Amino acid sequence: MYELIITEKPAAAQKIAESLTDGKAIKEVNQGVAYYKITHGKKDIVVTCAVGHLYGLCERQKKGWTYPMFDIEWKPVSENVRGSEFTKKYLNTIKKLAKGANEYTVATDYDQEGEVIGLNVIRYACGKKDAYRMKFSTLTKDELREAYSKKSKHLDWGQAEAGETRHFLDWYNGINYSRALTASIKSSGSFKIMSTGRVQGPSLKIIVDREKEIKAFVPKPFWQIRMDANFKQQKMEAWHVQDKFWDKKEAEKSIAKTKSQKEANADEVERRKFDQMPPFPFDLTSLQIEAYRCFGISPKETLSIAQELYTSSFISYPRTSSQQLPESIGYKKIFDGLGKQAKYAASVKLLTAKKSLKPNNGKKTDPAHPALYPTGIAPNELEAKEAKIYDIIVKRFMATFAENAVRETMTVDLNCNNEIFITRGTRTIEKGWHKFYEPYVKLEEIELPDLRQGQKVNIGKIELLSKETQHAKRYTPASIIKELERRNLGTKATRSEIVDTLFNRGYVKGTPIEATQLGVSTIETLEKYSPKIIDEELTRHFELEMEGIREGKQKKDQVLEEAKEAITKILIDFKKHQKEIGTELSKANKETQDEMSFLGICPICKLGNITMRRGKFGAFAACNKYPDCKTIFSIPKNALIKPAKKECETCKYPMVLAIKKGKQPLEFCLNPKCSTKHVAGEAGEEAKAIAKGEIKRKCPKCNEGDIVLRSSIYGKFYACNKFPKCRYTEKLTNNKPSDEAKEPSS
């Protein structure tokens with residue numbers, strides 16, 4: 001008999017086995033799934049893993065598209081979720097190993113999702129009602145050994161109940177509302193799978209409300225007066241003290257008084273020093289926002305990268321709401337580890353020379369985990385984006401322990417014939433924490449000349465500027481995450497997925513995020529006929545209820561019954577207007593499809609539109625005047641194609657964007673014969689020679705294959721002829737080749 005430890009992912013199983021073993025972990029395999037046998041003290045232990053959720057909710061008895069429906073149960077995802085068949089071997093392995101165990105320990109991620117994963121494995125795969133629980137925030141050897149020695153005798157039932165309630169509520173809301181919307185479309189004679197949910201609907205409403213605000217915005221003209229001046233050859237910019245003039249005549253009257261003036265007097269000069277405190281430690285949301293600001297990495301991808309860094313033991317658990325770093329994480333040990341990394345050694349030396357190490361903790365807390373921090377373990381080799389995320393986490397961690405920066409603001413009132421102009425500048429006097437967070441400190445540095453009260457400045461130019469008020473900005477992938485957090489909608493781990501779903505369903509598009517006609521009409525229709533579906537107050541109410549469950553103040557069954565009653569009432573009202581809802585949504589869906597599939601005017605017939613189409617062999621682009629015009633273009637099959645909304649400068653054919661996961665969008669011309677896709681000169685001659693076999697080159701990556709010339713919709717490029725075994729590609733001069741060898745020839 002032995003103790004069975006169950007982790008959330010394979011990498012965690014290996015880490016825990018290697019950390020707890022007193023000797024060497026013995027790796028064994030069942031159906032391709034690795035598990036580990038170890039000895040710890042006098043105990044035999046087997047460490048195995050799930051692979052995320054092995055169980056998912058589904059209907060107990062399928063009854064078609066009927067709603068409302070609340071009769072659901074947990075079942076293996078391999079049986080009811082398409083694409084999850086691979087999880088069956090993990091479940092089989094756990095079931096097999098559970099038969100020989102007499103003690104069970106859950107070591108999944110310590111949050112609500114991890115608790116639900118562990119709970120389901122224990123009760124359904126192992127047939128037990130409870131288990132021991134390991135709690136840790138990093139996958140480092142010392143913390144894992146301590147977590148094992150201090151493991152609790154029970155699962156975290158508050159967390160488990162709250163997590164399971166969330167799953168039930170999301171399923172109740174998502175499946176019933178989505179079925180209702182889809183049924184309404186069907187009742188109008190059309191068909192489209194529609195979706196909304198407990199958080200998805202209110203999230204879309206936030207974006208649509210902003211879109212409607214922008215569309216309804218009427219710009220208001222105003223005027224400003226700017227003075228360009230200099231003092232001892234140093235330039236400065238000053239603005240009239242009134243700032244905005246809403247009456248042009250009033251502005252002209254003020255500027256008339258300054259005509260022919262060559263100098264202005266410094267009536268008042270104020271200098272004010274202030275301390276700028278270090279930033280707070282990262283929670284997940286602030287990391288996602290900062291990664292988007294500094295690198296343009298989406299919140300969803302940032303979370304994915306951070307998760308990989310965590311499972312590799314380089315950082316702490318990323319799904320945290322905390323902005324606090326407690327002493328218990330071991331500041332000195334972390335700094336010792338970072339100090340051994342050449343890139344951070346100098347910064348660590350400066351920080352550890354301080355009398356005490358104390359971070360500038362924020363107010364936000366998390367009952368399960370501290371703020372994000374590096375473990376000190378040095379990564380061997382990281383991909384480019386992983387290196388960026390790791391670097392910003394390390395530097396943010398160090399910056400929180402540093403001294404305040406000292407900045408100085410200087411304000412000068414310039415008097416030009418009794419018209420007052422103000423110039424301001426702010427400069428950094430002492431860098432403090434800036435040194436440790438470079439190059440991610442983005443502060444405007446405007447240093448004014450050393451002016452004294454009563455001194456004169458030379459006027460270069462005074463001009464009247466005509467402007468208009470601007471509408472509110474659209475949300476970015478980062479700012480919408482921040483807004484959802486502010487409104488307490490969704491969780492730190494799910495917000496980026498919710499936004500991603502809005503894109504996938506065609507409700508929103510672009511960056512910054514713009515609501516499509518379908519998105520706008522969905523919200524307007526629901527506001528008219530069934531506003532409770534998108535009521536964020538109702539969503540927020542249940543978020544608080546789930547927090548009450550976690551704290552032991554609320555009962556799961558009571559919350560679920562309340563939710564069933566609310567959903568049933570909402571859907572009764574919905575059914576009364578189902579046909580009207582369907583008619584309006586169907587019309588909006590068609591308009592959105594037309595808008596999103598339009599690539600440009602047909603360059604051949606000049607009468608039709610080139611639009612995205614889908615045929616037997618996949619997507620393609622063609623003129624909508626077929627059969628009168630038979631213009632057709634190939635498009636890449638492994639990329640999301642979107643209109644670039646412009647013509648090729650060379651051949652005037654439509655330009656499109658190819659978007660691939662983890663890569664920058666690639667803009668190209670639809671015309672396969674466009675001269676931008678062919679090389680000239682020496683590069684072109686070499687390409688022809690390689691194509692004819694007159695020049696032989698070995699692949700520099702695998703040293704086995706030969707370099708050959710290939711073509712794609714993007715143009716010509718060199719590639720290894722051992723594809724797909726070797727994916728080496730190489731650009732040609734003055735060409736835009738494919739970045740993957742698997743592009744089909746056009």
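Start by selecting helix H7 (residues 200-216) and helix H17 (residues 517-529), which pack at an angle of about 110 degrees with their axes 9 Å apart. Helices here are DSSP runs of H or I with at least four residues, strands are runs of E with at least two, and both are numbered from the N terminus. Axes are lines fitted to C-alpha atoms, for helices over the stretch in contact, and angles run from 0 to 180 degrees between N-to-C directions. H7 and H17 are therefore roughly perpendicular to each other; angles of 65 to 115 degrees count as such, under 35 as roughly parallel, over 145 as roughly antiparallel and the rest as oblique.

This is a predicted model, in which local features need pLDDT of at least 70 and side-chain atom pairs count only at pLDDT 80 or more, while totals for chains, interfaces and linings use all residues. Residues are numbered from 1 along each chain as its sequence is written, and side-chain values use heavy atoms, with hydrogens and water left out.

Next, show the side chains between H7 and H17. On H7, the contact (heavy atoms within 4.5 Å) is made by Gly-201, Leu-204, Lys-205, Val-208, Asp-209 and Lys-212, and on H17 by Gly-519, Val-520, Ile-523, Glu-524 and Glu-527. By class, this contact of H7 with H17 has four nonpolar, two polar and five charged residues. Nonpolar here covers Ala, Val, Leu, Ile, Met, Phe, Trp, Tyr, Cys and Pro; charged covers Asp, Glu, Lys and Arg; the others, Gly among them, count as polar.

Move on to helix H12 (residues 342-352) and helix H13 (residues 384-400), whose axes come within 11 Å and cross at roughly 10 degrees. That makes H12 roughly parallel to H13. Lys-343, Tyr-344, Ser-347, Val-348 and Leu-351 of H12 meet Tyr-390, Asp-391, Val-394, Lys-395 and Met-398 of H13. The contact of H12 with H13 divides into six nonpolar, one polar and three charged residues.

Now turn to the strands. Select strand E2 (residues 26-30) and strand E3 (residues 33-40), which run antiparallel and are joined by five bridges; two strands pair if DSSP finds at least two bridges between them. Glu-28 stands opposite Tyr-35 in E3. The hairpin of E2 and E3 has two residues between the strands, and Gln-31 takes a positive phi near 55 degrees there.

Follow E3 to strand E4 (residues 43-49): the two pair in the antiparallel sense over five bridges. Thr-39 stands opposite Asp-44 in E4. In this hairpin of E3 and E4, again look at the turn: Gly-41 takes a positive phi near 65 degrees.

The next stop is an open sheet of four strands in the order E17-E18-E19-E20, with antiparallel pairing. Strand E17 (598-601) and strand E20 (632-633) stand at the edges, each with a single partner strand, so one side of each has no neighbour in the sheet. Helix H20 (residues 578-597) packs on the sheet, touching E17 and strand E18 (609-615), and its direction makes about 60 degrees with that of E17. Ala-621 stands opposite Phe-633 in E20.

Finish with aromatic rings. Select Phe-70, Trp-74, Phe-168 and Tyr-172, which form one aromatic cluster. The structure holds 16 aromatic pairs: rings of Phe, Tyr and Trp (its six-membered ring) pair if their centres lie within 6.5 Å, with planes under 30 degrees apart counted as stacked, over 60 as edge-to-face and the rest as tilted.
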